Amino acid sequence: MKTATFGIGGMHCASCAARNERVLNKITGVLTASVNFGMHSARVEFDESAVSERALYDAVIASGYQVLTAEFAGEHKDQVQRELRLARQRAFLALLFAAPVVVLAMFEIDLPGTLAGHNLSVWVQAALSAVVVLGLGWEFHAGMVRQARNGAANMDTLISLGTLTALFYSAWAVRAGAQHLYFESGAVIAALILLGRYFEARSRGQASEAIEKLIELGAKTAHFIRDEGEYEISIDAVKVGDMLLVKPGEKIPVDGNLISGRSSVDEAMLTGESMPVDKSVGDAVFGATVNLTGAFRMLATKVGADTTLAQIVKMVADAQAHKAPIQKLADRVSAVFVPIVLGLAGLTALVWYWLTGDLTQSIVPAVAVLVIACPCSLGLATPTAIMVGTGLGARRGILIKNGEALERGRHIDVVMFDKTGTLTEGRPRLMEVIPCAPPIGGDTVLRLAASVERLSEHPLAQAVVTAARAKNLEPADVHDFANHAGKGVSGKIGADTLMVGNARFLRGEGVALDTHARTIEAHEAQAQTVVGIARNGELIGLLTIADALKDDAKAAVDRLHAQGIQTVMITGDNRNAARAIGAQVGVQKVLAEVLPKDKAAEVRLLQEGGRRVAFVGDGINDAPALAQADLGIAIGTGTDIAIEAGKIVLVKGHPLKVVEALNLSRLTFKTIRQNMFWAFFYNIAAIPLAALGLLNPMIAAGAMALSSITVVGNSLRIKRRKLT
């Protein structure tokens with residue numbers, strides 16, 4: 001199974017998108033096809049053995065549209081800019097030519113001279129209207145013809161019929177000597193709709209700017225290091241395994257690891273966090289983040305499409321190409337809307353002619369029905385909100401995979417956190433040094449312990465060594481080192497014998513711990529591991545080590561409780577340790593000693609009780625639970641499998657981002673509902689007014705254009721809202 005994503009040019013309304021979607025879904029071998037009017041793009045899953053990607057393009061082209069493929073992304077961007085400039089020029093010229101027609105008609109101004117028995121004012125109106133309707137508005141008529149050839153109709157059909165009817169009726173009326181002319185109606189309708197399309201295109205560009213801005217974040221060049229010197233190369237030439245130099249103030253070119261030097265890095269574009277992150281040898285760095293202080297050398301580990309930035313761009317693009325379930329309602333309505341409107345316009349004309357016997361009285365309300373009913377705002381209601389919402393999320397370090405995730409996020413009433421790596425750092429950290437043999441101080445205890453522990457690869461040993469290094473404590477030389485599996489380590493510094501390990505190990509070696517037993521028990525009750533250090537058989541200090549809570553874990557849980565959301569922590573740890581962590585973070589329920597394979601079952605149990613569950617996790621063993629949950633939220637620092645299973649990815653895994661993600665879901669869906677309400681309300685209210693003759697066609701054209709702009713503008717408001 002393969003997925004193809006490509007742009008579609010020439011779509012002017014939701015009916016265009018619905019038609020392309022129907023055409024693609026009818027192709028044998030296509031599993032699903034989704035056409036997004038807001039993004040002007042299609043996303044198709046298909047069987048390569050049954051249909052080729054070229055056949056998908058041909059089907060779209062045969063329907064009268066253009067295909068814009070990813071290979072020509074640069075040309076596509078240039079084309080979009082050219083089309084925007086052309087739309088602006090057409091709108092300006094249309095308004096320029098339509099204005100004199102309105103003035104001459106509305107104020108019944110006569111110009112000096114006559115031609116063929118009519119004042120020159122009539123001929124000027126006719127000429128300028130023809131330029132606007134037939135010339136500048138030619139795309140409407142061409143679109144109608146293309147649709148008619150395929151037995152279909154869309155917004156172009158409505159506009160074309162409305163403007164041509166006004167123009168040709170007025171031309172016939174001139175010849176027939178009728179008093180009422182509607183040249184100004186046709187000209188103003190075309191001009192206002194061209195203006196509306198320009199504003200719509202510009203607004204849609206603002207809504208979808210997230211991807212473009214993310215792409216622009218990347219570095220363009222890199223400093224490539226060889227034995228003989230330093231060379232500046234294009235970012236596209238960087239390969240995995242290359243050694244690169246990054247200077248202060250520069251963007252890091254690709255993902256990699258530091259091999260020399262140290263620095264502080266601004267990772268705000270990746271995580272949404274403003275605080276710089278210290279980096280030293282062995283630490284990972286990411287392309288497009290900014291090196292702030294020191295120069296360093298790095299080894300490239302991911303380049304091109306594999307970098308974190310490229311994956312973010314792909315994820316945001318996929319999210320914007322997917323449709324939210326609520327969009328299906330709009331699609332179903334839009335698919336049948338235009339044919340119904342054509343029928344209503346025809347019926348309106350017949351009823352008015354039957355009531356009045358006046359052709360003029362029957363044509364004007366029919367034209368108003370055609371113009372007011374264009375379903376643009378309906379087609380823009382959902383995709384524009386999703387584009388803005390996913391774009392804001394990406395800038396805040398929240399990657400939303402699809403519109404369905406946004407829709408599900410608003411219903412969540414239980415958040416289940418995996419403990420390790422989600423609420424906690426996921427790695428041991430030294431919490432406290434307790435001197436036990438004055439006058440030996442804490443730094444001395446830590447230095448001696450780290451001197452022995454640095455020869456061990458155990459995670460607890462590394463926590464001690466890391467803490468000593470952070471305090472710039474120089475280790476002493478150790479000899480006669482020995483590792484006691486499951487207990488601790490020992491070695492000699494000069495003539496002194498040092499032992500570092502758990503209580504059982506030290507007691508077995510004859511070290512007295514009784515006077516410190518309560519201290520040890522108190523720390524163990526808080527889910528901390530206590531390591532003792534003895535010198536020549538005497539206890540000189542205790543080190544407490546724990547998988548520390550993330551700084552914002554408690555704040556995140558408190559915020560969720562304030563919103564009425566229940567919190568649950570699930571872990572494979574023993575009950576005492578789990579309860580201690582649960583109490584520190586403040587979760588309402590703790591599920592301990594849960595095997596990895598049973599996590600999904602615990603999620604299912606809550607769902608069977610009628611709860612809507614979000615699961616937050618980062619490990620391979622969390623993938624089934626992430627998939628089972630109503631909303632899977634994966635920690636971006638976790639495994640690729642967990643990230644793939646999650647519907648939302650938090651780039652750096654700060655628990656407060658869970659709160660932001662849920663708030664963003666609710667805000668985006670609230671905006672979608674507002675957009676949908678006004679789009680439906682607008683058409684439901686306006687069509688009867690037009691059919692009853694209470695809506696002038698020119699006012700209808702302006703209102704139709706304004707409705708689309710209003711929907712896009714309402715979506716853009718998401719950018720200005722706070723998520724915490």
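**Notebook: a walk through the model**

**Entry 1: N675.** I started with N675, which lies in helix α25 (helices, H or I, at least four residues, and strands, E, at least two, are DSSP runs numbered from the N terminus). This is a predicted model, where local features need pLDDT of at least 70 and side-chain atom pairs pLDDT 80 or more, while totals for chains, interfaces and linings use all residues. Residues are numbered from 1 along each chain as its sequence is written, and side-chain values use heavy atoms, leaving out hydrogens and water.

Is N675 buried or exposed? N675 has a relative accessible area of 2%, so I noted it as buried (under 20%; exposed is over 50% and partly exposed in between, with a 1.4 Å probe and protein chains only). Setting aside residues up to four places away in sequence, I found N675 touching A381, T384, A385, V711, N714 and S715 (contact means heavy atoms within 4.5 Å).

**Entry 2: α25 and its partner α20.** Next I followed helix α25 (residues 656–691) to helix α20 (residues 553–562): their axes come within 7 Å and cross at roughly 30 degrees (axes are lines fitted to C-alpha atoms, for helices over the stretch in contact, with angles from 0 to 180 degrees between N-to-C directions). Which residues meet there? From α20 I listed A555, A556, R559 and L560, and from α25 L656, V659 and L662. Sorted by class, this contact has six nonpolar residues, one charged and no polar (Ala, Val, Leu, Ile, Met, Phe, Trp, Tyr, Cys and Pro are nonpolar; Asp, Glu, Lys and Arg charged; the others, Gly among them, polar).

**Entry 3: helix α21.** Just after the helix, G586 takes a positive phi of about 90 degrees.

Entry 4: Most residues other than glycine have a negative phi, and most peptide bonds are trans. So where did I find exceptions?

- A288 is not a glycine, yet its phi is positive, about 85 degrees. A288 sits in the loop between β13 (284–285) and β14 (290–291) and is buried at 3% relative accessible area.
- N536, also not a glycine, has a positive phi of about 55 degrees. I placed N536 in the loop between β22 (529–535) and β23 (538–546); its relative accessibility is 49%, so it counts as partly exposed.
- P438 and P439 are joined by a cis peptide bond, with omega about 10 degrees. P439 is in the loop between β18 (429–435) and α16 (442–453).

**Entry 5: rings.** I found one aromatic pair in the structure. The ring centres of F6 and Y57 lie 5.1 Å apart with planes at 75 degrees, so the pair is edge-to-face (rings of Phe, Tyr and Trp, its six-membered ring, pair if their centres lie within 6.5 Å; planes under 30 degrees apart are stacked, over 60 edge-to-face, the rest tilted). F6 belongs to strand β1 (residues 2–9) and Y57 to helix α2 (residues 53–62), 51 residues apart. I noted both F6 and Y57 as buried.

**Entry 6: the whole chain.** Finally I stepped back and read off 26 helices and 28 strands. The chain has 724 residues, and 52% of them count as buried. Among contacts between residues at least 6 apart in sequence, 68% join residues at least 24 apart.
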